[in-house]
Amino acid sequence: MKPKKISPSLLSANFSNLEKDIKMVEEGGAHLLHIDVMDGHFVPNITMGPVVVEAINEVAKIPLDVHLMISDPDYYVNAFADAGADYITVHSESTNHLHRVLQKIKARGIKAGVSLNPHTPLSVLENILDNVDLILIMSVNPGFGGQSFIPNTIKKLQNLKKMLKKHNAEHIEIEVDGGIKIDNIKEVSDAGCDIFVSGSGIFKAKNPKKMISEMINTLS
């Protein structure tokens, strides 16, 4: 059984003092740092690039979970690898050559992830499972933080678990991003999630450090 992991999304952190918020979630027991990279093209927002990821890597003690919500991610894999990413996840919808991009990520010794938007069927995964370490299911439409969890995600997760079992690929980690909060994290876990991305659910809490501990306890 794979360990459950909390990956706070820095999209909801205080950008004027990222180092403080990074240390806070690390002290709270976070396992990963989720970094949303948006280009204003694939999604309607612009966030951060390799230079910021490199700065985060200099202060972070836990692995960087870099989520590329960008067009043509194959052009940027090396830049984010050089910046210190431990996971690089690309969207199946963002490239015509998904297999090649995944191979490029793995060639750098980095865990390769594939993300699916809410409308994207699981069938797109079947021919690339041998090249994947992580599957990220979007439980909101990507581009902005603070959105509500899409209920149909639960059924999608259950079906993904069945697919991975069918293909003897249960070692692949399943991650969910969007609307994860203390009141739904157990249901998402029971449906098959291993890594929980939470932005506003953690950083907008009265005590973010305590919230991470509560989430971990709920999953145990």
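## Overall fold

The protein has eight helices and eight strands, read as DSSP runs (H or I of at least four residues for helices, E of at least two for strands) and numbered from the N terminus. Its radius of gyration is 16 Å, close to the 17 Å the globule rule gives for 220 residues, so it is as compact as a globular protein of that length. That radius is taken over C-alpha atoms, and the rule is 2.2 Å times the number of residues to the power 0.38. Along the principal axes, the C-alpha atoms fill a box of roughly 45 × 35 × 30 Å.

A quick note on what you're looking at: this is a predicted model, where local features need pLDDT of at least 70 and side-chain atom pairs count only at pLDDT 80 or more, while totals for chains, interfaces and linings use all residues. Residues are numbered from 1 along each chain as its sequence is written, and side-chain values use heavy atoms, with hydrogens and water left out.

## Packing and surface

Of the 220 residues, 56% count as buried (under 20% relative accessible area; exposed is over 50%, partly exposed in between, with a 1.4 Å probe and protein chains only). Among contacts with a separation of 6 or more, 64% come from residues 24 or more positions apart, a contact being heavy atoms within 4.5 Å.

The accessible surface comes to about 10000 Å², and carbon and sulfur atoms own 48% of that (Shrake-Rupley method, 1.4 Å probe).

## Charges and salt bridges

The structure holds seven salt bridges, meaning a side-chain nitrogen of Lys or Arg within 4 Å of a carboxyl oxygen of Asp or Glu.

One of them pairs Arg108 with Asp82 at 2.7 Å, N to O. Arg108 is in the loop between helix H4 (98-107) and strand E5 (111-116) and Asp82 is in helix H3 (residues 77-83), so this pair ties together parts that are 26 residues apart in sequence. Arg108 is partly exposed at 35%, while Asp82 is exposed at 55%.

## Bridges within helices

Lys23 and Glu19 form a salt bridge at 4.0 Å, N to O. Both lie in helix H1 (residues 18-28), four residues apart, or about one turn. Lys23 is partly exposed at 32%, and Glu19 is partly exposed at 40%.

In helix H6 (residues 185-190), Lys186 and Asp190 are also four residues apart, and their closest N and O atoms are 3.1 Å apart in a salt bridge. Lys186 is partly exposed at 39%, whereas Asp190 is exposed at 57%.
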